[in-house]
Amino acid sequence: MRCREEKQGIDPELKRRIEDHPCYSEKAHHRYARIHLPVAPRCNIQCNYCNRKYDCQNESRPGVTSAVLAPEEALERVEEVSRVMPNLSVVGIAGPGDPLANPDETFRTFELLRDRFPDMKRCMSTNGLMLIEHADRIHELGIDHVTVTLNAVDPEIGARIYSHVILDGQRHFGREGASVLLERQLLGLRMLRERAILTKVNIVMVPGVNDDHIPVIARRVNDLGAFIINVIGLIPTPNTPFADLRGPTPSERKRVQDQCEGFIRQMRWCRQCRSDAIGLLGHDLSSSMFESGPVFGEGCRMKKDIISSKAASPDLAKGPGRIYVAVSTMGDEEVNSPFPGTGEVLIYEATRDHIMFLEARDPSRFTYGDGSDNMLKDVQAVIASDLDEEAKDMLAGLGIDAVACSGPIRSAVARYARGKGIDPPEDDVAGPI
Ligand code: CLF
Ligand code: SF4
């Protein structure tokens, strides 16, 4: 009988490369921490969803700014964090601009890290414009994981997403700019594959612009050897051309992810973290560990306004044989946080074929009232270590079950599902890869 890894096409060597990377393995994301080093302030393109007061949105949520560090300061930060965080396994550079628009700072930082922390995974996220020039350097420095954000493989669609691209001091606009970027992204991905570097492709899903096009992107990047894709919902940011658009609803995003799942792995657990994030995904400790002053003067003051302004309403479609459950957790794949509490709220789907983690809902983006934007209005149950009377009343008013328990999340979801006549497979109760 084939083991689960084999069924998923993951050989032992590949498993070794992803098993402690929180963005390449769902299981790892509950256990292993990453640190982002904000050493790269400049950018070489202009995305229509990006306000440059904030971090690069290709990897981060809008409304967050990170203080830029020099490479030596970045190394000191890793030294400090690694002393208190034994599960720190990955160090990444993801902004606040594009790492490859700041090659000196980016590569100097990776050089210092390679010498001082040779066993820590080195990771980078880029818009891909300058990959061709730097693929060899990336390989030499042992940067084993590279994310490329690629929002269109059709320049007509790309022209609606990118306002311009700067190459060799020249600005390229519209379709021409999008073609320049695309050509270089595709060649860059190929070059990374030739160097056996694991690649992830982030796609920012913009309803009405590239949503129907995402399966086409997924097929193309799969052909170019990408390991996994991460469909990120647009979070509209003030003072950008996309300020008045909306992000996808949970069911719109899930529909696209399900369409793509047939031919490439899906990362569904991304938290769109900031470019100086530290810790487990979803439990960012950066602001409690270090003063993260604003680079461009606004700081995180704007964060709440931006994030709460255009949250897509929860709309997972209930149906026979399928239930959605919200779990309150502080991490470790355990039900270990009360509701409401300071932990995250994770949404799981259970059917007779799977238990699937769908998304994390940020309480700051939603309300708990009885309106249509209640962040839990589309789930059947809330599972938490404890629920206060007010929470139980609110849930009862929405027809949602309140379940207090502890222990592994997937066992708790399976128990609830079985009580509703749905028996998920044992493999999935045991956990993800
Ligand atoms: Fe950082 Fe990105 Fe490396 Fe991960 S994040 S550079 S691949 S170590 Fe991860 Fe954060 Fe999502 Fe990025 S959850 S935003 S996918
Ligand atoms: Fe902004 Fe990142 Fe796009 Fe550059 S690549 S414009 S920093 S979102």
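A cavity, on a 1 Å grid over the protein atoms alone, is a set of points where a 1.4 Å probe fits but cannot get out. A molecule sits in a cavity if more than half of its atoms lie within 2 Å of its grid points. With that settled, I looked up ligand 1 and found that it sits in the largest cavity.

Before going on, I noted that this is a predicted model in which local features need pLDDT of at least 70 and side-chain atom pairs count only at pLDDT 80 or more, while totals for chains, interfaces and linings use all residues. Residues are numbered from 1 along each chain as its sequence is written, chains are lettered from A and ligands numbered from 1 in the order in which they are written, and side-chain values use heavy atoms, with hydrogens and water left out.

**Ligands**

I asked which of the 15 residues around ligand 1 come nearest. They are Cys23, His36, Glu59, Cys123 and Cys273, where a residue is near a molecule if one of its heavy atoms lies within 4 Å of it. I then sorted the shell around ligand 1 and got seven nonpolar, five polar and three charged residues; here Ala, Val, Leu, Ile, Met, Phe, Trp, Tyr, Cys and Pro count as nonpolar, Asp, Glu, Lys and Arg as charged, and the others, Gly among them, as polar.

Around ligand 2 I listed Cys43, Ile45, Gln46, Cys47, Tyr49, Cys50, Arg52, Cys56, Gln57, Asn58 and Asn127. This shell divides into six nonpolar residues, four polar ones and one charged.

**The sheet of three strands**

Next I followed an open sheet whose three strands come in the order β2-β6-β7, with antiparallel pairing. Its edge strands are β2 (45-47) and β7 (170-173), each of which pairs on one side only. On average, and with direction ignored, neighbouring strands of this sheet are turned by 20° against each other; the angles run from 0 to 180 degrees between N-to-C directions of axes fitted to C-alpha atoms. For the names I kept in mind that strands (E, at least two residues) and helices (H or I, at least four) are DSSP runs numbered from the N terminus, and that two strands pair if DSSP finds at least two bridges between them.

β2 and β6 run antiparallel and are joined by three bridges, and Gln46 stands opposite His164 in β6. The hairpin of β6 and β7 has two residues between the strands, and in it Asp168 takes a positive phi near 50°.

**The sheet of five strands**

A second open sheet has five strands in the order β15-β14-β12-β16-β17, with mixed pairing. β15 (355-361) and β17 (401-404) stand at the edges with a single partner strand each, so one side of each is left without a neighbour in the sheet. Neighbouring strands of this sheet are turned by 25° against each other on average, direction ignored.

I traced β12 and β14, which pair in the antiparallel sense over seven bridges, and saw that Ser328 stands opposite Val345 in β14. Is β15 enclosed or open? Six of its seven residues are buried (under 20% relative accessible area, with a 1.4 Å probe and protein chains only), so β15 is largely enclosed by the rest of the structure.

**Backbone entries**

Most residues other than glycine have a negative phi, and most peptide bonds are trans. I therefore wrote down the exceptions that I came across.

The peptide bond from Gly95 to Pro96 is cis, with omega near 10°, and Pro96 is found in the loop between β3 (88-93) and α5 (103-116). Another cis peptide bond joins Phe339 and Pro340, with omega about -10°; Pro340 has its place in the loop between β13 (334-335) and β14 (344-350).

Asn239, although not a glycine, has a positive phi of about 60° and lies in the loop between β9 (228-233) and α10 (250-261). At 68% relative accessibility Asn239 counts as exposed, the cut-off being over 50%. Asp332 is likewise not a glycine and has a positive phi of about 65°, in the loop between β12 (323-329) and β13.

Technical notes. 1 Å grid on protein atoms, 1.4 Å probe; cavity = no way out; pocket = protein on both sides within 12 Å on 5 of 7 lines; lining within 4 Å.
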